[in-house]
Amino acid sequence: HPIRFVARARSLSLSLRRSLARSQTITIAMAAPGMLQPPIILLREGTDDSQGKPQLLSNINACLAVVDVVRTTLGPRGMDKLIHSGRSTTISNDGATIIRLLDIVHPAAKTLADIAKSQDAEVGDGTTSVTVFTGELLKEAKQFVEEGVHPQIIIKGFRQALQLALQLLDELAVHLEDKPLSERRELLERCASTTLNSKLIAGAKDVFSKMVVDAVLHLDEELSLDMIGVK
């Protein structure tokens, strides 16, 4: 009968509402303070949320790919790189220039590029050396990650190695305070010549190394390095 059907439908609807209200009450009670809640992560569509050992290896491989680009530019026999971007073309063997022109997307590889840029901003040289050195450290760490060693243990080992390296540098350092002026100047010219080996003026490094040493020796010993502008 139509009337009985409508009454039964209303009774079912009321029962369904009561059951939903109970389930909502249970859900709210489970979400009360002090209870463990699953993390809610909002990610953009297409975002890679991998983690653990595969992600560590992926980060290392991305950094090593950047290192391989600039590795061959290191040293006096380093090769030039031709980088074409849009309408501009750049030929250079300078690590800072190459890394700045690379369109790096991977977050870990971007961090490596930021390290090289910081080296260029603070020191003005050594960007390729820093990049290659970092790549070698990551390559050694990759073996331990594959064997299941925890990253914190690897970091602790790197910190201990840093302290040992600093101690060895102090032992091998040549102090110029007690050296005569002629010997001090000779050592400075040798250092300047070494830094000019990978530059365009390497053929005339004897002339320019003496010029650089003359400029440095004319400075006051108490002058702050931050007040020196190099162009």
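Predicted model: local features only at pLDDT ≥ 70, side-chain atom pairs only at ≥ 80, totals over all residues.
The lining of the second largest pocket is made up of 14 nonpolar, three polar and no charged residues, where Ala, Val, Leu, Ile, Met, Phe, Trp, Tyr, Cys and Pro count as nonpolar, Asp, Glu, Lys and Arg as charged, and the others, Gly among them, as polar. Residues are numbered from 1 along each chain as its sequence is written, and side-chain values use heavy atoms, with hydrogens and water left out.

Most to that lining comes from H5, with five residues; helices here are DSSP runs (H or I) of at least four residues, numbered from the N terminus.

Among the buried residues of H2 are Leu-57, Ile-60, Cys-63 and Val-67, buried meaning under 20% relative accessible area, exposed over 50%, and partly exposed in between, with a 1.4 Å probe and protein chains only. Their cover includes helices H3 (95-101), H4 (107-122) and H5 (127-146), judged by contact, that is, heavy atoms within 4.5 Å.

Finally, the cysteines: Cys-63 is buried at 7% relative accessibility, whereas Cys-191 is partly exposed at 43%. How many disulfides are there? The count is zero, taking a disulfide as a pair of cysteine sulfur atoms within 2.5 Å.

Key: Helix = DSSP H or I, 4+ residues; strand = E, 2+ residues; numbered from the N terminus.
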